Amino acid sequence: TEAIGLYNLGQSCCLNSLLQVFLMNIHFTRILRRITVPSSLSQRRSNVPYQMLLLLEKMQSGKCKAVGPTELACCLSEHRVELFVQHDAAQLFLTLWNLLKKQMKKPELVKELCDLYTICIQEHVACQKCSFEVKSKSTMLTLPLPVLDANSHRLKTLEDCLQYFFHPEELTGQNMCFCQQCGRKTPFLQSMKLVHLPQTLTLHLKRFCFERSSRTHKLSHSLPFPQELDLRQVLAESQCQADDNEKATWQYELFAVVAHSGSASCGHYCAYIRSLTDCKWYCFNDSQVCQVSWDDVKCTYGRSNLYWRETAYLLFYMKKHPQ
């Protein structure tokens, strides 16, 4: 029942933080516990879900304050996940999820994993000169939210970021599209509408941006995020493509924050997670785990004059009333 840390194997803070977010999510561990155990030793060594299950069991044995994720890290290296290098948490999260999905052999578990994490959106592209319109649905693991608008002005809250992400964009000038009905390039209106949200909603705050010098720069300005998030109150009717039963489940509570400290070129990750058993917040900083307050979590909002301080990078929200 006690929170267990993970030893840093050498720049493995990003991996450790994401593993804690996965394994503290009881909806995910319920899926993980039902995987098919690979038959041969070599298959077990290279199977990410199985190695993650072994790590979970080692953490829950309760014999020590921290354990080493060595076997899992070696398993990941077989799948071209480099060790002893700095990773981007959003990219590594996607890599881990794809490996889990690929190596879970039971179709029903793959479906449950997708239901747990994937977001469904519908993209609309409409000609402004005639009635021609193209609609296409797609799924996403995270919503990549800009923290600046098109004029490089800072967005002030998480709600602002969500509204901006779903705000229609006019494609004019060099960005005009070819209209099959008009037979020429015309101005288009591009928009995304929210169709379905998963049990665990992952939001990616795009705090790393490329400058003209091709160097990556970290945006550390303050960006508050709420403990409770109701997407029905945030998005306009025109930004949604869902019925009332679907929208009724769009009420969320913050479950975890993966925070980054340091600069774009040199930094450290840790995770703040709200335990689903005792509802208390904990900070997972590699092998060190301690109970914290909501005020401690709010310190990850960011501050412009302290770019090396912790800033939230990935936010994980969990449905309050799932279907």
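Two aromatic rings, from Phe, Tyr or Trp, count as a pair if their centres lie within 6.5 Å. Keep that in mind as you explore these close-ups of a predicted model.

**View 1. A cluster of rings.** Ring pairs join F22, F28, F93, Y117 and F316 into a cluster. In total, the structure holds 11 aromatic pairs.

**View 2. F208 meets Y313.** The ring centres of F208 and Y313 are 5.1 Å apart and their planes stand at 65°, so this pair is edge-to-face. It links distant parts of the chain, with F208 in strand β11 and Y313 in strand β18, 105 residues apart. Y313 counts as buried, at 3% relative accessibility.

**View 3. F225 meets W294.** Here is another edge-to-face pair, with 6.3 Å from centre to centre and 80° between the planes. F225 sits in the loop between β12 and β13, while W294 belongs to helix α11, so the pair ties together parts 69 residues apart in sequence. F225 is buried at 3% relative accessibility, and W294 is buried too, at 18%.

**View 4. One face of helix α5.** Look for L72, A73, C75 and L76, the buried residues of this helix. Seen down the axis of α5, they fall within an arc of 160°, so they line one face of the helix. These buried residues pack against α1, α3, α4 and α6.

**View 5. Strand β15 and its partners.** Of the 8 residues in β15, 6 are buried, so the strand is largely enclosed by the rest of the structure. β15 pairs in the antiparallel sense with β14 over 7 bridges and with β16 over 4 bridges. In the hairpin of β15 and β16, C279 takes a positive phi near 60°.

Note on methods:
Residues numbered from 1 in each chain as written. Predicted model: local features only at pLDDT ≥ 70, side-chain atom pairs only at ≥ 80, totals over all residues. Heavy atoms only, no water. Buried < 20%, exposed > 50% of the residue type's maximum accessible area, 1.4 Å probe, protein only. Helix = DSSP H or I, 4+ residues; strand = E, 2+ residues; numbered from the N terminus. Arc of directions from axis to C-beta. Contact = heavy atoms within 4.5 Å. Pairing = 2+ DSSP bridges. Phe/Tyr/Trp six-rings, centres within 6.5 Å; stacked < 30°, edge-to-face > 60°.
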